[in-house]
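Subject: Structure handover, salt bridges

Hello,

Please find the structure below. My notes on its charged side-chain pairs follow.

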Amino acid sequence: MNPCIFSWSSPAVALGMVLCAGAFAPSSAQAFLEPPAPAGGAWAVSWRRLPAIPDARGFAGSFAGASGNALLVAGGANFPRGMPWQGGEKVWYDQVFVLESPHGDWKQAGKLTRASGYGASVDTEQGVACLGGGDAKECHRECFLLRWEKGELLERPLPALPAPRANACAVKS
């Protein structure tokens, strides 16, 4: 599975997301679209392939974002022993991968406190905020910040959501 990053920036919004179904990425690790868009027009983006994440099936529902000039992909789930209609069971992951250069290789950066996925994630100046999510047993309200600093993964807790949430999105404004 070839993850791709596509980011855009404006005075109000800076977002990053990993598109696990695609196989292309912008010509740099992030494509910055210059606001405002032309009236009735669209921004131009060029795409190129990023290295494949080191897993034969890839991951669904991972937390993802940019920190310390690197792309972080954390947690998520897949069906390593067959698809659900073949009797396979979903497995949740705690692995965190880092891509420090669009021309480099993914490395295992560390592990989350617990296996989790399908939460919201958003880039901040302090790192990647990971919000809610869940595992095979429950949805979570816990939130945490992932930061890539001097070749090391740092994780710290953030205030919890008012209620458990999964399959959400986040926007920085």
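A salt bridge here is a side-chain nitrogen of Lys or Arg within 4 Å of a carboxyl oxygen of Asp or Glu. The model is predicted, so local features need pLDDT of at least 70 and side-chain atom pairs count only at pLDDT 80 or more, while totals for chains, interfaces and linings use all residues. Residues are numbered from 1 along each chain as its sequence is written, and side-chain values use heavy atoms, with hydrogens and water left out.

Under that definition there are six salt bridges. Three of them are described here.

Glutamate 125 pairs with lysine 172, with the closest N and O atoms 2.4 Å apart. Glutamate 125 sits in the loop between β11 and β12 and lysine 172 in the segment after β14 (152-158), so the bridge ties together parts 47 residues apart in sequence. Strands (E, at least two residues) and helices (H or I, at least four) are DSSP runs, numbered from the N terminus. Glutamate 125 is exposed at 59% relative accessibility, and lysine 172 is partly exposed at 24%. The cut-offs are under 20% relative accessible area for buried, over 50% for exposed, and partly exposed in between (1.4 Å probe, protein chains only).

Arginine 114 and glutamate 142 form a salt bridge at 2.5 Å, N to O. Arginine 114 lies in the loop between β10 (107-111) and β11 (120-124), and glutamate 142 in the loop between β12 (127-131) and β13 (143-149), so this pair links parts 28 residues apart in sequence. Both are partly exposed, arginine 114 at 33% and glutamate 142 at 41%. Shared partners join Arg114, Glu138 and Glu142 into one salt-bridge network.

Lysine 107 and glutamate 100 also meet in a salt bridge (2.5 Å, N to O).

Regards
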